[in-house]
Amino acid sequence: MITVRVGPEDFDVAAETARLTAGRADIGAVVAFTGLCRNEDGRLSGLELEHYPGMAEAEIYRICGEAVARFSLTAVTAIHRVGRIAPGENIVLVLAAAPHRHAAFDGASFVMDYLKTSAPFWKKEHFTDGSAGGWVEAKDSDDRARDKWS
Amino acid sequence: MARLVYFAWVRERIGKGEEEIALPASVRTGADLIAHLKTLGEEYAHALEHGDVIRIAIDQEHVEHDEPIAGAREIALFPPMTGG
């Protein structure tokens with residue numbers, strides 16, 4: 001079971017976990033990854049998350065499908081917020097459920113590594129001094145994190 | 001006519017998020033498209049200056065630059081992704 005949601009609304013990790021496991025007795029492990037907005041030592045007033053509507057959801061769904069097949073996950077939930085996000089707020093949630101913990105840890109990690117490098121989202125920084133921030137640059141370390149799965 | 005969509009700094013530099021443009025028959029691949037757009041004005045030349053880093057999606061699926069664009073309903077050009 002794969003659940004993907006993209007939108008401005010915040011999410012509740014406990015509620016999403018309860019939804020994922022409701023009525024099931026075959027899940028032995030759920031790993032939750034939450035990505036939050038940092039303030040970068042007080043310089044950042046927030047992030048603006050842009051996405052490619054349609055493709056963003058489809059790409060996350062495809063990545064979750066690969067994770068389910070590769071790690072025999074029981075269920076995956078992936079939620080990505082868009083729009084303006086303040087420091088301390090949630091950006092992304094990945095829940096990976098499996099019979100045992102290793103598959104759940106690996107599944108969540110795999111989904112995040114691919115999501116960061118191939119789901120069409122872009123972050124723009126806004127600074128506390130009012131200056132128009134720039135677009136966040138993609139990191140080689142993210143590409144390497146993804147490539148370790150291939 | 002081809003429907004083009006742009007995101008993030010590609011969108012900002014070109015100054016619009018989407019457009020429909022007529023493409024010459026010589027534009028066959030994603031790389032051809034980028035090269036052609038760069039001739040359309042300073043804003044395109046600036047946005048696509050480093051053409052090799054631009055990512056291309058055809059009908060909402062990632063493709064390489066040598067992918068033929070014939071039959072595409074929507075072609076997207078955007079920077080490397082930074083979500084998550």
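## Fold of chain A

Chain A holds 4 helices and 8 strands, taken as DSSP runs (helices H or I, at least four residues; strands E, at least two) and numbered from the N terminus. The model is predicted; local features need pLDDT of at least 70, side-chain atom pairs count only at pLDDT 80 or more, and totals for chains, interfaces and linings use all residues. Residues are numbered from 1 along each chain as its sequence is written, and side-chain values use heavy atoms, without hydrogens and water.

The order along the sequence is β-α-β-β-α-β-β-β-α-β-β-α.

## Dimensions and burial

The C-alpha trace of chain A spans about 50 × 35 × 30 Å along its principal axes. Of its 150 residues, 46% are buried, meaning under 20% relative accessible area with a 1.4 Å probe, protein chains only.

## Nonpolar cores

A nonpolar core joins buried Ala, Val, Leu, Ile, Met, Phe, Trp, Tyr and Cys residues through side-chain atoms within 4.5 Å. The largest has 34 residues. A:I60, A:F71, A:L73, A:F110 and A:F121 touch the most other members. Elements of chain A that each supply at least two residues include β2 (29-36), α2 (55-71) and β6 (90-98). The top contributor is α3(A), with 8 residues.

Beyond its neighbours within four places in sequence, A:L73 contacts residues including A:A67, A:V68, A:A96 and A:G107. A second, separate core has 33 residues, among them A:M55, B:V10, B:V27 and B:L37.

Definitions and conventions. Chains lettered and ligands numbered in written order. Buried < 20%, exposed > 50% of the residue type's maximum accessible area, 1.4 Å probe, protein only. Contact = heavy atoms within 4.5 Å.
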